[in-house]
Amino acid sequence: MSNKKVILSAKDISVEFQVRNRTLRAIRNISVDLHEGETLALVGESGSGKSVFTKVFTGMLEANGSVATGAVTYGDMNLTDLKTNAEWEKIRGSQISTVFQDPMTSLNPIKTIGSQISETVIKHQGKTAEEAKAIAIDLMNRVGIPEAEKRYDEYPFQYSGGMRQRIVIAIALSSRPKVLICDEPTTALDVTIQAQIIALLKELKEEYGFAMIFITHDLGVVASIADKVAVMYSGEIIEYGTVEDIFYDSRHPYTWALLSSLPQLATTEKLYSIAGTPPSLYSEIKGDAFAPRNPKPMAIDFVESPPKFPVSETHWAKTWLLDERAPELTKPEGIQDLHAKMVKIYAKEGGA
Ligand SMILES: Nc1ncnc2c1ncn2[C@@H]1O[C@H](COP(=O)(O)OP(=O)(O)OP(=O)(O)O)[C@@H](O)[C@H]1O
């Protein structure tokens with residue numbers, strides 16, 4: 001898997017927002033690579049920086065935000081050099097597309113569904129109106145819209161939430177992007193529809209071969225869709241690995257707490273939680289941002305940010321607990337033997 005080419009690479013990215021004469025540092029020195037055809041899940045609690053980080057890839061930071069350090073490369077382009085909207089248009093929505101949580105914010109309520117898909121086909125593929133309509137109907141079929149030809153002339157309000165999200169996905173794919181960013185694409189939908197959208201994204205990824213960055217709170221979804229997982233905390237990636245590394249061999253206590261909140265485990269196991277809250281992003285963070293919540297902190301935790309301690313070739317964690325001087329901290333019982341538990345859960349759910 002790791003011999004695939006890197007398609008998108010962030011090096012030492014920091015993002016700052018100016019808020020009433022104060023600086024909020026939302027992202028702190030993130031470096032991560034996305035490989036061709038790979039799905040990278042970004043997980044972490046609300047405010048950890050998942051959305052802000054991905055907005056750096058499409059030049060969509062709000063006006064009060066800027067990239068303070070680092071660079072993003074896409075192929076041989078440095079995206080952090082792009083300034084104007086016209087420059088970004090060559091990338092955003094064409095090479096790198098985003099599907100957001102609420103389809104209604106992406107769709108125009110007063111234009112027909114078909115015209116909205118056709119417009120992007122014309123824009124990105126330079127087709128005639130007639131050709132674009134045929135492509136749009138084909139895309140509608142591929143994303144599972146029944147009677148696509150008839151429904152081409154309907155408006156967003158005539159579609160259900162799940163169907164609208166399918167259309168947003170069709171629009172995102174109409175430019176044949178190399179990278180699809182999905183920012184909690186199923187959060188606004190009910191559970192059965194969520195599963196259908198996830199299945200659809202998996203299918204389309206196979207068919208089109210794009211790489212995907214998938215933001216979610218739901219580790220159950222991560223298990224079913226991701227190849228790699230980056231766990232975010234206070235604007236940093238604190239643990240990174242393959243989906244197996246993170247589920248079955250995680251080393252950071254914050255990752256343990258996230259895993260313990262898997263709804264599938266909640267009924268049978270007592271939960272592992274960590275006291276406290278993340279630090280303010282307005283003040284400078286000295287040492288490890290997680291230190292005040294670390295069950296066994298060392299003096300160095302409050303002085304120096306931990307390096308990325310390698311766990312294996314595919315896996316690292318940013319915690320002093322992996323230093324040889326660290327006290328031993330055992331993984332909470334509830335998430336030990338997670339492999340066997342997951343197998344049982346999926347067997348019960350009929351596979352996912
Ligand atoms: N335009 C902005 N101005 C000031 N602060 C911002 C702005 N946009 C985001 N932030 C802050 O940046 C931090 C990271 O936000 P972000 O939306 O990336 O979190 P998230 O992990 O995606 O959360 P959620 O899961 O709730 O979407 C938060 O503290 C947020 O308040």
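Predicted model: local features only at pLDDT ≥ 70, side-chain atom pairs only at ≥ 80, totals over all residues.
A polar contact is a pair of N or O atoms within 3.5 Å, where within protein one must be able to donate a hydrogen and the other to accept it.

**View 1. Polar contacts link domain 1 and domain 2.** Across the interface of the two domains, eight residue pairs are in polar contact, with both partners at pLDDT 80 or more. On the side of domain 1 that touches domain 2, helix 8 (residues 191-208) gives the most, with eight residues. That side of domain 1 is made up of 10 nonpolar, three polar and three charged residues.

**View 2. Lys 123 and Glu 89 form a salt bridge.** Here the two side chains meet, with 3.3 Å from N to O. Two salt bridges are found across the interface of domain 1 and domain 2.

**View 3. The two domains share an interface.** The domain assignment places residues 1-95 and 178-351 in domain 1, and residues 109-176 in domain 2. Look for 16 residues of domain 1 in contact with 14 residues of domain 2. About 1,300 Å² is buried between the domains, 62% of it on carbon and sulfur atoms. Their C-alpha centres lie 31 Å apart.

**View 4. The protein chain holds 13 helices and 12 strands.** The chain is as compact as a globular protein of its length, because its radius of gyration of 21 Å is close to the 20 Å that the globule rule gives for 352 residues. Along its principal axes, the C-alpha trace spans about 70 × 50 × 40 Å.

Notes: Residues numbered from 1 in each chain as written. Heavy atoms only, no water. Domains from an automatic or database assignment. Contact = heavy atoms within 4.5 Å. Buried area = accessible area lost by both parts, 1.4 Å probe. Salt bridge = Lys/Arg side-chain N within 4 Å of Asp/Glu carboxyl O. Polar contact = N/O pair within 3.5 Å; in protein donor to acceptor, adjacent residues only side chain to side chain. Helix = DSSP H or I, 4+ residues; strand = E, 2+ residues; numbered from the N terminus. Nonpolar A, V, L, I, M, F, W, Y, C, P; charged D, E, K, R; others polar. Rg over C-alpha atoms; globule rule 2.2 N^0.38 Å.
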